[in-house]
Amino acid sequence: MALDDYEHFKSDVLAMSSIDLNLYKERQMKRRIDSLIEKNGFKGYSEYVKALKTDKKLYDDFINYLTINVSEFWRNPDQWKILEEEMLPYLFGKFGKPLKIWSAACSTGDEPYSLVMLLAKFMPMSQIKILATDLDETVMNKAKAGLYNVKSLKGLPKEFVSKYFTKVTDTTYSISDEVKRCVQFKKHNLLKDPYPDKMDLIVCRNVVIYFTEEAKEEVFKKFNKSLKPEGVLFVGSTEQIIQSTKIGFKPKHSFFYIKEN
């Protein structure tokens, strides 16, 4: 599809949704959108935009498809082990309990719920409060429902599955209300909205890889500002921060960064 039409499409999407597609890697995002338009049987961007403005389900599906929602519990177990054995004890030593934690771009809730289950090894559930945000309200509604395919749980420690999940069908599990009560979900656009402040730990994994280098650096700077001095940022396995010291982070292991004083 024509590149100039895509420019108009980006403007239309910004007006409709406040999502600025200029901040995402263009080739990757355009390919995803072209594929979606073709799959829905539209001839081009303008015809698709007209339909998005009048068809709520189509619009919701578009936002859901646009935002990247690949998620699972306990992804990259080695990193969770470092969080449990080193980073959480470090944070408790610095800030005490409970911690102020933000799970940014939380998708279907696998990550904030994983954090709750891990924190429950250190403190009562009643003390655990996690802010979880995402741009996509559809996936957050899935998170609030707390129903998960058995495949999502494959990496989760067995003790957590038996303690916090109930089998609903052969392929579906429901997470306990006790865990759900510890998480507050809010809509938030990392590229546009104000960030919360005075956080002890921010977890944002496997999301900024889809942003341009400029947008990525801006997000990391905002995360830095959002943290307390000596607070921790936990990123994904492909998201090491190049020249992290320039934006005020001290690397600690490959995926953890401590905000410098």
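Tutor: Met-87 lies in helix 5 (residues 77-95), where helices (H or I, at least four residues) and strands (E, at least two) are DSSP runs, numbered from the N terminus. The model is predicted, so that local features need pLDDT of at least 70 and side-chain atom pairs count only at pLDDT 80 or more, while totals for chains, interfaces and linings use all residues. Residues are numbered from 1 along each chain as its sequence is written, and side-chain values use heavy atoms, with hydrogens and water left out.

Student: Is Met-87 buried or exposed, and what is its relative accessible area?

Tutor: The classes are buried (under 20% relative accessible area), exposed (over 50%) and partly exposed in between, with a 1.4 Å probe and protein chains only. Met-87 falls in the buried class, because its relative accessible area is 1%.

Student: Which residues does Met-87 touch, not counting residues up to four places away in sequence?

Tutor: A contact here means heavy atoms within 4.5 Å. By that criterion, and leaving out residues up to four places away in sequence, Met-87 touches Ile-82, Val-232, Lys-252, His-253, Phe-256 and Ile-258.

Student: How many Å apart in space are Met-87 and Val-139, C-alpha to C-alpha?

Tutor: Along the sequence, Met-87 and Val-139 are separated by 52 residues. In space, their C-alpha to C-alpha distance is 28 Å.

Student: Which residues of helix 2 are exposed on the other side from its buried ones?

Tutor: The buried residues of helix 2 (residues 26-39) are Met-29, Lys-30, Ile-33, Asp-34, Leu-36 and Ile-37. Seen down the helix 2 axis, these fall within an arc of 160° and so line one face of the helix, the arc being that of the directions from the helix axis to the C-beta atoms. In an α-helix there are 3.6 residues a turn, so residues three or four places apart point the same way. On the other side of helix 2, the exposed residues are Arg-27, Arg-31, Glu-38 and Lys-39.

Student: What span is expected for helix 2 at 1.5 Å a residue?

Tutor: Helix 2 has 14 residues and reaches 20 Å from its first C-alpha to its last. The expected span of a helix is 1.5 Å times one less than its number of residues. The reach of helix 2 is close to that expectation, which is 20 Å.

Student: Within what arc do the buried residues of helix 3 fall, seen down its axis?

Tutor: In helix 3 (residues 45-54), the buried residues are Tyr-45, Tyr-48, Val-49, Ala-51 and Leu-52. They line one face of helix 3, because, seen down its axis, they fall within an arc of 165°.

Student: Which residue is the bridge partner of Asn-149 in strand 5?

Tutor: Two strands pair if DSSP finds at least two bridges between them, and three bridges join strand 3 (residues 147-149) to strand 5, the two running antiparallel. The bridge partner of Asn-149 in strand 5 is Thr-172.

Student: What is the omega of the cis peptide bond between Lys-97 and Pro-98?

Tutor: Pro-98 lies in the loop between helix 5 and strand 1 (101-104). Lys-97 and Pro-98 are joined by a cis peptide bond, whose omega is about -5°.

Student: What value is the phi of Glu-230 near?

Tutor: Glu-230 lies in strand 8 (residues 227-235), and it is partly exposed, with a relative accessible area of 25%. Its phi is positive in a residue other than glycine, and is near 75°.

Student: What is the radius of gyration of the protein?

Tutor: The protein has 10 helices and 10 strands. It is as compact as a globular protein of 261 residues, because the globule rule gives 18 Å for that length and the radius of gyration is close to it. The radius is taken over C-alpha atoms, and the rule is 2.2 Å times the number of residues to the power 0.38. For this protein, the radius of gyration is 19 Å.
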